[in-house]
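Subject: Structure handover

Hello,

Here is the structure I promised to pass on. Please open it and keep it beside this email while you read.

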Amino acid sequence: MRTHSVLENGWRLIGLALILNHSPFVAARVVESRNLESPESGRQVIRLDKDWRFWHSFDNPDGLSYDQLKAYILPSGNDFIANPSDRHQSPSSAPNISVQYASNHFNDSSWEAVKVPHDWAIQGPFYVGDNVPVDGGMGRLPSQGVGWYRRQITVEREDTDKQIYLDIDGAMSYAMVWLNGKLIGGWPYGYNSFRLDLTSHLVAGTNNQLAIRLDNPTQSSRWYPGGGLYRNVWLTKVNKAHVGQSGTYITTKAVSSSSATLDLVVTVENKAKTASNIHIATDVFELDLETGKPGRKVAGFPQTSISVASGGKVDSNSSTIVKNPQLWGVWPSQKPNMYVAVTKLYSGGSTKVIDTYETRFGIRTFDLDSNKGLLVNGEHVRIQGVNQHHDLGALGAAFNTRAAERQLEILRDMGVNAIRTSHNPPAPELLDLLDKKGFLVMDEIFDCWEQQKKPNDFHLIFSDWHEADLRAFMRRDRNHPSIYLWSVGNEVGEQHTDVEGSALARVLVDIAHNEEPTRLVTASLNFAKPNQTFPSVFDVISLNYQGEGIRDTPAYSQLSGIATPPLYSGFHSAFPDKLIESSETASTLSTRGTYIFPVVDGISAPVNDTSGGNSTSAQVSAYELYTSDFGASPDKVFAAQDSHPFVGGEFVWSGFDYIGEPTPYYSARSSYSGIVDLAGFPKDRFYLYQSRWRPDLRAAHILPHWTWPDREGKVTPVHVFSSADEAELFLNGKSQGRQTREEYTYRFRWDEVVYTPGEVSVVTYKNGQVWAKASVQTAGDAAGFRLKADRSSITADGDDLTYITAEVVDSKGRIVPQATNDITFDVSGAGELVATDNGDPTDFTAFPSKQRKAYSGLALAIVRAKAGKPGSITITASGPSLKTTRIYVAAA
């Protein structure tokens, strides 16, 4: 057995050797001070969200291409290329092209006015049928084509001595940026954040024209990529000498209940024409998680002075001690306490602040133990994780903090404590939320390397950009306390080449160790085996489906494809010193609230027309036993992990349904694998995971619903999810039998129940005592709606959202479980309707539509508060022959 103590002085590069050291070491979250917008701070960070004009073409209207202008784009990544000889030289002259859309004189008044973040594709319409430009894999939305964004930037004359940067958190994809008609640079990978220096091209005292071109190819992604400036864009103004991009780094050693030693690196950059003498002072404060503001001061770093040459960068190092540190930890047993270090720069002997920079961080230790699993602050924490793609359902890829927060709240209610960012860098604000809420993060960057998965995916630019992308990603994210592991790849094709692929894997792992030596590095393996070279390159073994076995049981024996026996033991034997976890499990498929009969006798079966699926309606039975061809039910996964207690935990595929990749029916728009559907409504599977991940929660969940007018007298199996050890089922008061849950079983099953209308109820027991009760009743005809808001009050800032659930109910208030009634949502007052949904992967009604059919009795409306207009928001749901219902939400 070997313990990898991560964040404990961790991996140190000594020549070409990696030496594992064992003193406590914790990383921090670097956040540029976007709340500092006063000149007195020396730094202004301005959100460029409004006043954009946008135009999109499915063709190439300007005749430009990345390959044509690559020489002008590649230098944008130079700060993230370690070897100076590998950096790219900018061409000596501007490109010999005329781009009308980038010109100061172009009239864009006919273009659409948009607010950023913006996803140009999410409004639809959907492509339906075969032989369409964008198929089900990429979500059937018009994400392809070229998009142009334009807005003006005004720079005051007093800013002439400033350095001014454009910071883009994410732009999909092949971003190219012009200012006043001059090509400044760009970044092709749509998920990474990047910075461009605008200073030399700005004209003070007048309007400067910013123009951004994006180009989304077809066949470029395995899921919905979105399109456009889909994350935040910022203008950063600083003095010539300033803290550089992602320019602070805090690590912690000698962590105990009485003290922790902080080591700080501050990178100062000087863009002045002469050398600058800089004085650096940094104080540490408790961070108020609710306000984001510094609280009580707890420590100060010794002040340092440095000289930075013109055009140079210098790192300043210092250390201090925090007494009685409040540790960052994983919910629910620990608290996500955080600190903020406020760094101030002074010029020479002056007392005037020339820059202020905040670094949010948390103090904690991670130990990745090959037998015990993950230890956080010395406490064993089982990884109860899910995979999350980047879209936010009906909002698409355009990032919204409240939408992401709602997803995390729903997942936490299920018991989730970890997120894998599948398979790309996330929005910075998502990591902020995960820090704040005490989730673990596997931070992942690439879905492919040199070998393609799609003709136009990242493999086309991997050789030019992998180092810059990887270093930029890690430097931005390296100090989030929630990140316990880096992932440099997902199911990459190089697994199949083994030795050759291992060499490329070693390149990436070495870059990661060099850039951020405090954490271990992994990549997810769905093919590589214990006896191959490829897995040996990584610090942690992350298995996709191989742990529980792939196509290894009789129910899957007729399928084509490789059959893999369960490999937890095989990998543990081959790599006894490495933590083993599952980075993808299950890929169980279902559509919420739909049940198909008969029900399979076993615990796991692949979906087809005789096994839980209906290819005509494109529905999958919600008994939660049916899977993709390579997948496994939760029951099978749980049994495999429980019989191999050294496994650190799992990331289920997937937490939420997402747009695109609609296995098994590519005629659909969105996935079937989510535990929660696209609208945010839990599927039955939610309660199975909840019963495992929150075993102390007194709950029982019955499936299916009990409204089956066409099934009287027919066998209709009843299953119950609960953490109880015994359960007794009743149909109209008559016992159907009491069961004791056996080892390696995770549900109670009464598979011979004959349907008759009325009530099904269950009483569950734990240790001989009543644990929880539940019941479902036969519903009547639809009579009206019941509306529920996720919050009764929201902020009138133009960004905040309320999610309104519409339930179709009968005259007694019971949800009508098979209702598909038409619903019209109307919003008045201080809010506006953004989108509607129902979780049906086959519903091609455009998301912005106010009309939506209920699906399995439910529908959703997403409502946004109007900026600067506090007041009451009225949301109304109406439908033919149903009673109209209203709900009110305050905007303040």
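A residue is called buried here when its relative accessible area is under 20%. A salt bridge means a side-chain nitrogen of Lys or Arg within 4 Å of a carboxyl oxygen of Asp or Glu. Please note that this is a predicted model.

**A buried lysine**

Start with Lys578. Its place is the loop between helix H6 (568-574) and strand S32 (580-586). Lys578 is buried, but has no salt bridge. Which side chain of opposite charge is nearest to Lys578? That is Asp539, 6.0 Å away. A polar atom of the Lys578 side chain does lie 2.9 Å from the backbone oxygen of Ser536.

**Salt bridges**

In total, the structure holds 48 salt bridges. Side chains of opposite charge can pair when their charged atoms come close.

Arg213 has 0% relative accessibility, so it counts as buried.

Next come Glu444 and Arg420. This salt bridge is 2.8 Å, N to O. Glu444 sits in strand S28 (residues 440-444) and Arg420 in strand S27 (residues 418-421), so the bridge ties together parts 24 residues apart in sequence. Glu444 counts as buried because its relative accessibility is 0%. Arg420 is also at 0% and counts as buried.

Then look at Asp635 and Arg747. Their side chains form a salt bridge of 2.9 Å, N to O. Asp635 is part of helix H7 (residues 634-642), and Arg747 is in the loop between strand S41 (734-740) and S42, so parts 112 residues apart in sequence are tied together. Asp635 counts as buried at 4% relative accessibility. Arg747 counts as buried at 7%.

There is also a network of salt bridges. It links Arg402, Glu405, Glu409, Lys437 and Asp790.

**Strands and a sheet**

Strand S23 (residues 366-369) is covered on both faces. Phe366 and Leu368 are buried on one side. Asp367 and Asp369 are buried on the other. S23 forms a hairpin with S24, with three residues between them. The two strands run antiparallel, and four bridges join S23 to S24 (residues 373-376). Asp369 stands opposite Gly373 in S24.

Further along, three strands make an open sheet with antiparallel pairing, in the order S38-S39-S42. Which strands are at the edges? They are S38 (700-703) and S42 (748-750), each of which pairs on one side only. On average, neighbouring strands of this sheet are turned by 15° against each other, direction ignored. Strand S39 (residues 718-722) is antiparallel to S42 and joined to it by three bridges. Val718 stands opposite Trp750 in S42.

**Helix H5**

The buried residues of H5 include Leu504, Ala505, Leu508, Val509, Ile511 and Ala512. His513 and Glu515 are also among them. An α-helix has 3.6 residues a turn, so residues three or four places apart point the same way.

**Backbone points to check**

Two peptide bonds are cis. One runs from Met172 to Ser173, with omega near -10°. Ser173 is in the loop between strand S9 (162-168) and strand S10 (175-179). Another runs from Leu703 to Pro704, with omega near 5°. Pro704 is in the loop between S38 and S39.

Two tyrosines have positive phi. For Tyr545, phi is near 70°. Tyr545 is in the loop between strand S31 (541-544) and H6. With a relative accessible area of 3%, Tyr545 is buried. For Tyr744, phi is about 65°. Tyr744 is in the loop between S41 and S42. Is Tyr744 buried or partly exposed? Tyr744 is partly exposed, with a relative accessible area of 40%.

Best wishes

Key. Residues numbered from 1 in each chain as written. Predicted model: local features only at pLDDT ≥ 70, side-chain atom pairs only at ≥ 80, totals over all residues. Heavy atoms only, no water. Buried < 20%, exposed > 50% of the residue type's maximum accessible area, 1.4 Å probe, protein only. Pairing = 2+ DSSP bridges. Lys, Arg positive; Asp, Glu negative; His and termini not counted. Polar contact = N/O pair within 3.5 Å; in protein donor to acceptor, adjacent residues only side chain to side chain. Axes fitted to C-alpha atoms, helices over the stretch in contact; angles between N-to-C directions.
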